[in-house]
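Subject: Structure handover

Hello,

Here is the structure I promised to pass on.

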Amino acid sequence: MSLVAAELERRGIASVAIQLLREVAERVRPPRALLVPFPHGYPLGRPGDAAFQRRVIESALRLLESPSLPPPVLVDFEADR
């Protein structure tokens with residue numbers, strides 16, 4: 001995913017990855033990534049919890065609001081907010 005995101009960015013299309021493993025994000029350095037603390041297979045969190053999943057997606061999309069931040073931008077999701 002990070003390689004695809006980097007290619008999209010080179011073509012002028014902003015991207016955000018939702019990343020489960022910080023170590024992977026630090027190694028592959030996607031342009032922007034929201035780091036989430038969820039189990040594998042659940043990048044948006046709890047199944048069936050649409051409101052919580054919406055918070056995850058909105059948090060990821062907010063990373064696009066600051067285009068002046070130099071990549072890579074790695075931000076931890078704050079689940080308790």
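Which residues do ring pairs link into a cluster? They are F38, F52 and F77. Keep in mind throughout that this is a predicted model.

**Confidence**

The mean pLDDT of the protein is 89. A score of at least 70 is reached by 99% of the residues. Helix α3 has the highest confidence, with a mean of 96. Helix α1 has the lowest, with a mean of 82.

**The aromatic residues**

The count of aromatic pairs is three. One of them is F38 with F52, in an edge-to-face arrangement. Their ring centres are 5.7 Å apart, and the planes make an angle of 70°. That angle counts as edge-to-face because the cut-off is over 60 degrees. This pair links distant parts of the chain. F38 is in the loop between β2 and α3, while F52 is in helix α3 itself, which spans 50–62. The two are 14 residues apart. Both F38 and F52 are buried.

F52 has a charged neighbour too. R46 lies over the face of the F52 ring, at 3.9 Å from the ring centre.

**Salt bridges**

How many salt bridges does a search of the whole structure find? The total is seven. Three are described here.

Start with E7 and R10. Their side chains form a salt bridge with an N to O distance of 3.0 Å. Both residues belong to helix α1, which covers residues 2–10. They are three residues apart, so about one helical turn separates them. E7 is partly exposed, at 29% relative accessible area. R10 is exposed, at 61%.

Next, E9 and R32. Here the N to O distance is 2.5 Å. E9 is partly exposed, with 23% relative accessibility. R32 is buried, with a relative accessible area of 11%. R32 counts as buried because its value is under the 20% cut-off.

Then E26 and R22. This salt bridge is 3.3 Å, N to O. Both residues are in helix α2 (residues 22–28). They are four residues apart, so again about one helical turn lies between them. E26 is partly exposed, at 44% relative accessible area. R22 is also partly exposed, at 31% relative accessibility.

Salt bridges with shared partners join E7, R10 and R11 into one network.

V28 lies in helix α2. With 42% relative accessibility, V28 is partly exposed. L21 lies in the loop between β1 (17–19) and α2. L21 is partly exposed too, at 33% relative accessibility. L21 and L35 are 14 residues apart along the chain, and their C-alpha atoms are separated by 7.0 Å.

**Two more residues to look at**

R29 lies in the loop between α2 and β2. R29 is not a glycine, yet it has a positive phi of about 55°. Most residues other than glycine have a negative phi. At 51% relative accessibility, R29 is exposed. R29 falls in that class because the cut-off is over 50%.

S59 is in helix α3. Is S59 buried or exposed? S59 is buried, at 15% relative accessibility. S59 and A33 are 26 residues apart in sequence. In space they are 10 Å apart, C-alpha to C-alpha.

**Where to begin**

I would open the view on F52. F52 is in the ring cluster with F38 and F77, and R46 lies over its face.

Best wishes

Key. Residues numbered from 1 in each chain as written. Predicted model: local features only at pLDDT ≥ 70, side-chain atom pairs only at ≥ 80, totals over all residues. Heavy atoms only, no water. Salt bridge = Lys/Arg side-chain N within 4 Å of Asp/Glu carboxyl O. Buried < 20%, exposed > 50% of the residue type's maximum accessible area, 1.4 Å probe, protein only. Phe/Tyr/Trp six-rings, centres within 6.5 Å; stacked < 30°, edge-to-face > 60°. Lys NZ or Arg CZ within 6 Å of the ring centre and 35° of its normal. pLDDT = per-residue confidence, 0-100.
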